[in-house]
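Biologist: Could you walk me through this model in plain words? I would like to go through it piece by piece.

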Amino acid sequence: MSGFLYGVALQCKLDIRSKTLFITCYIVPLIFFLLMGGIFTSVMPEMKSTLIQSMIVMSVSMGAFIGLPPSLAETYGTDVKKVYKANGVPLYVGFGAMFLSSFIHLMLMSTIILLLAPVLFDAALPDHLPVFYLALAIYMIASLSIGSLLGLMVKNQGKLTMMEQLVFLPSIMLSGIMFPSSLLPDFLEGIGRIFPAFWGYRLMLDHGFSSENLWYLIAVFLAAVIVWVIYFRRASLN
């Protein structure tokens with residue numbers, strides 16, 4: 001266990017030095033927050049009550065769908081994974097370290113937004129922070145689950161970039177963080193419900209922590225676990 005925790009700590013340091021993950025988990029989300037936070041609250045003052053949740057959904061979506069997959073693809077889509085086998089290390093150990101490292105970085109970024117939003121844009125803090133952080137953790141796990149599947153399953157870098165955008169853009173545009181999803185045509189609103197961002201945003205809102213918003217995120221995670229088990233069993237035999 002201590003070895004795994006050391007691996008997670010080492011992966012966190014490596015991720016900070018990784019331009020891709022550092023940019024997608026910190027730089028771009030922070031720039032988006034600083035620019036769009038002012039625009040949203042100026043054009044729609046009522047958005048101050050949901051600004052924190054909206055900006056966090058964008059940050060988590062970018063980190064999970066654009067930041068994590070390339071890191072996994074670099075390891076499990078190349079001969080790097082043979083190093084694990086050669087040293088007798090289970091393949092899932094590196095995967096777990098990358099997953100937890102991304103989780104930690106996204107949680108830190110979300111906390112930065114939570115602290116800055118009330119100061120910079122007079123945004124309203126969640127009524128119950130423990131419940132909010134629980135909802136955030138569940139949403140991040142579901143999002144990272146999908147991002148990890150992209151990194152493990154899509155081997156070609158060009159296809160991976162396309163798939164990342166196909167998941168990331170609808171998560172932002174159709175989740176309701178930019179404008180109410182009720183303004184969308186019914187079929188677009190239905191498409192938005194496919195992505196964790198739609199449910200995670202509502203789960204993090206005040207009084208939004210309910211089974212209605214929770215079940216889909218849990219289902220996504222459980223489905224991802226099944227795929228992980230199948231993938232690593234096959235990979236260990238090859």
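Biologist: Which residues of helix 9 are buried?
Modeller: In this predicted model, the buried residues of helix 9 are Pro 196, Ala 197, Phe 198, Trp 199, Gly 200, Tyr 201, Arg 202, Leu 203 and Met 204. Helix 9 covers residues 196-204 and is mostly covered, since 9 of its 9 residues are buried.

Biologist: And for the chain, what share of residues counts as buried?
Modeller: The chain has 238 residues, and 49% of them count as buried. The chain exposes about 11600 Å², and carbon and sulfur atoms supply 72% of that area.

Biologist: How many helices and how many strands are there?
Modeller: There are 10 helices and 0 strands, so that reading along the sequence gives the pattern α-α-α-α-α-α-α-α-α-α.

Biologist: Is Ser 143 buried or exposed?
Modeller: Ser 143 is buried, because its relative accessible area is 0%, and the cut-off for buried is under 20%.

Biologist: How do helix 3 and helix 6 pack, then?
Modeller: Helix 3 and helix 6 pack at an angle of about 35°, and their axes are 8 Å apart. Helix 3 passes helix 6 in a right-handed crossing. The residues of this contact between helix 3 and helix 6 divide into 19 nonpolar, 6 polar and no charged.

Biologist: Changing topic, how many salt bridges does the count come to?
Modeller: The count comes to 2 salt bridges. One of them is formed by Lys 48 with Asp 122, where the closest N and O atoms are 3.8 Å apart. Lys 48 lies in the loop between helix 2 (19-43) and helix 3 (51-76), while Asp 122 lies in the loop between helix 5 (91-121) and helix 6, so the pair ties together parts that are 74 residues apart in sequence.

Biologist: What about the salt bridge of Glu 189, which residue is the partner?
Modeller: Glu 189 forms a salt bridge with Arg 193, and the closest N and O atoms of that pair are 3.6 Å apart. Glu 189 counts as buried at 17% relative accessibility, whereas Arg 193 counts as partly exposed at 35%.

Biologist: One more residue, please: where does Leu 30 lie, and what is Leu 30 in contact with?
Modeller: Leu 30 lies in helix 2, and, leaving aside neighbours within four places in sequence, Leu 30 is in contact with Met 109, Ile 112 and Leu 116. Leu 30 is partly exposed, with a relative accessible area of 29%.

Biologist: How many residues apart are Leu 30 and Ile 112 in sequence?
Modeller: Leu 30 and Ile 112 are 82 residues apart in sequence, and in space they are 8.8 Å apart, C-alpha to C-alpha. For the chain, residues 24 or more positions apart account for 75% of the contacts with a separation of 6 or more.

Terms used. Residues numbered from 1 in each chain as written. Predicted model: local features only at pLDDT ≥ 70, side-chain atom pairs only at ≥ 80, totals over all residues. Heavy atoms only, no water. Helix = DSSP H or I, 4+ residues; strand = E, 2+ residues; numbered from the N terminus. Buried < 20%, exposed > 50% of the residue type's maximum accessible area, 1.4 Å probe, protein only. Contact = heavy atoms within 4.5 Å. Areas by Shrake-Rupley, 256 points an atom, 1.4 Å probe, with all protein chains shown as cover. Salt bridge = Lys/Arg side-chain N within 4 Å of Asp/Glu carboxyl O. Axes fitted to C-alpha atoms, helices over the stretch in contact; angles between N-to-C directions. Left-handed = near helix turned anticlockwise from the far one by under 90°. Nonpolar A, V, L, I, M, F, W, Y, C, P; charged D, E, K, R; others polar.
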